[in-house]
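The following report walks through one protein model, taking its loop, helix, sheet, core and charged pairs in turn. Please read it alongside the sequence and coordinates.

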Amino acid sequence: MNQGNGDVTAHGGRPDGTDDNSGDAGYDDNDVSNGYDGYEVRPGVPTADTYRRLRRATGLGEKSAEGAAIGLPNTWYGVTVHAAPGPADGADPVGMGRIIGDGGCFFQIVDICVLPQHQGHGLGKRIMAALTAELERRAPAGAYVSLIADGDARHLYAKFGFTETAPASVGMAFMPRPAH
């Protein structure tokens, strides 16, 4: 399922951005890391191969091996979701999310995804909670944080304080083609 520009899509519950077990109770730090529900959100970025696999399997669109190898090390902050129990270093991630940007003035949340067979457990919400908590902790005052909300994912992002910018501004994209 390819959605919009393929750069940011929340796949953490129902299509309206809600999930079956989240309610509106807010975010509890213990929900993110302890794996009590069979999932654990960990800081870090996936390998380039895993990154490409997750994007492909969740419909975010293909990224080249070269692009992934260059881009992933430049992640400002990222998280991966692992199905627990499993060895801390061996289980393949079932979801991810990243923050990219200049580290001071501008940040963008990208690559929010959860494998289809693991959706409906509030994992998109937990990914967003971990990313926004890190922004609150480390981003300088006045930093501009943006994302592109595909489809109903905007409902999830709104729970974390994101507001639509249209009509004052609209998202635009450009994809360069390699010279031959």
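In this predicted model, Pro 116 lies in the loop that runs between β4 and α4. Its relative accessibility of 45% places Pro 116 in the partly exposed class. Leaving aside residues up to four places away in sequence, Pro 116 touches Ala 57 and Thr 58.

**Helix α2**

Thr 58, one of the two residues touched by Pro 116, belongs to helix α2, which covers residues 48-58 and in which Thr 50, Tyr 51, Leu 54, Arg 55 and Thr 58 are buried. As a general point, an α-helix has 3.6 residues a turn, so residues three or four places apart point the same way. The cover over the buried residues of α2 includes α3 (65-71), β3 (93-101) and β4 (106-114). Just after α2 comes Gly 59, which takes a positive phi of about 80°.

**The sheet**

Five strands, in the order β1-β2-β3-β4-β5, form an open sheet in which the pairing is mixed. The strands at its edges are β1 and β5 (144-146), each of which pairs on one side only. Averaged over the sheet and with direction ignored, neighbouring strands are turned by 15° against each other.

Strand β1 (residues 39-43) pairs with β2 in the antiparallel sense over 5 bridges, and within this pairing Val 41 stands opposite Val 81 of β2. On to the next pairing: β2 and β3 are also joined in the antiparallel sense, over 6 bridges, with Gly 78 standing opposite Arg 98 in β3. Strand β2 itself (residues 77-83) is mostly covered, since 6 of its 7 residues are buried. At the other end of the order, β4 and β5 run parallel and are joined by 3 bridges, and Phe 107 has Val 145 in β5 as its bridge partner.

Two helices that pack on the sheet can be described together. Helix α2 touches β3 and β4, and its direction makes about 105° with that of β3. Helix α4 touches β1, β2, β3, β4 and β5, and its direction makes about 160° with that of β4.

In soluble globular proteins, nonpolar side chains tend to be buried together. Here the largest nonpolar core has 33 residues, and those with the most contacts inside it are Ile 99, Ile 109, Met 128, Leu 131 and Tyr 157. The elements that give two or more residues to this core are β1, α2, β2, β3, β4, α4 and α5 (153-158), and among the contributors α4 gives the most, with 7 residues.

**Salt bridges**

How many salt bridges does the model contain? The count comes to 10 salt bridges, and the table lists three of these pairs with the distance between nitrogen and oxygen.

| Pair | N to O distance |
|---|---|
| Arg 42 and Glu 40 | 3.1 Å |
| Arg 56 and Glu 62 | 3.0 Å |
| Arg 137 and Glu 134 | 2.8 Å |

The surroundings of these pairs can be set side by side. Arg 42 counts as buried at 14% relative accessibility, while Glu 40, with a relative accessible area of 23%, is partly exposed. Arg 56 is partly exposed at 47%, and Glu 62 is likewise partly exposed, with a relative accessible area of 47%. Arg 56 and Glu 62 are also linked with Arg 52 in a network of salt bridges.

In the remaining pair of the table, Arg 137 is exposed at 61% relative accessibility, whereas Glu 134 is buried at 9%. Arg 137 and Glu 134 are separated by about one helical turn, because they are 3 residues apart in helix α4 (residues 123-138).

Terms used:
Residues numbered from 1 in each chain as written. Predicted model: local features only at pLDDT ≥ 70, side-chain atom pairs only at ≥ 80, totals over all residues. Heavy atoms only, no water. Buried < 20%, exposed > 50% of the residue type's maximum accessible area, 1.4 Å probe, protein only. Helix = DSSP H or I, 4+ residues; strand = E, 2+ residues; numbered from the N terminus. Contact = heavy atoms within 4.5 Å. Salt bridge = Lys/Arg side-chain N within 4 Å of Asp/Glu carboxyl O. Pairing = 2+ DSSP bridges. Core = buried A, V, L, I, M, F, W, Y, C linked by side-chain atoms within 4.5 Å. Axes fitted to C-alpha atoms, helices over the stretch in contact; angles between N-to-C directions.
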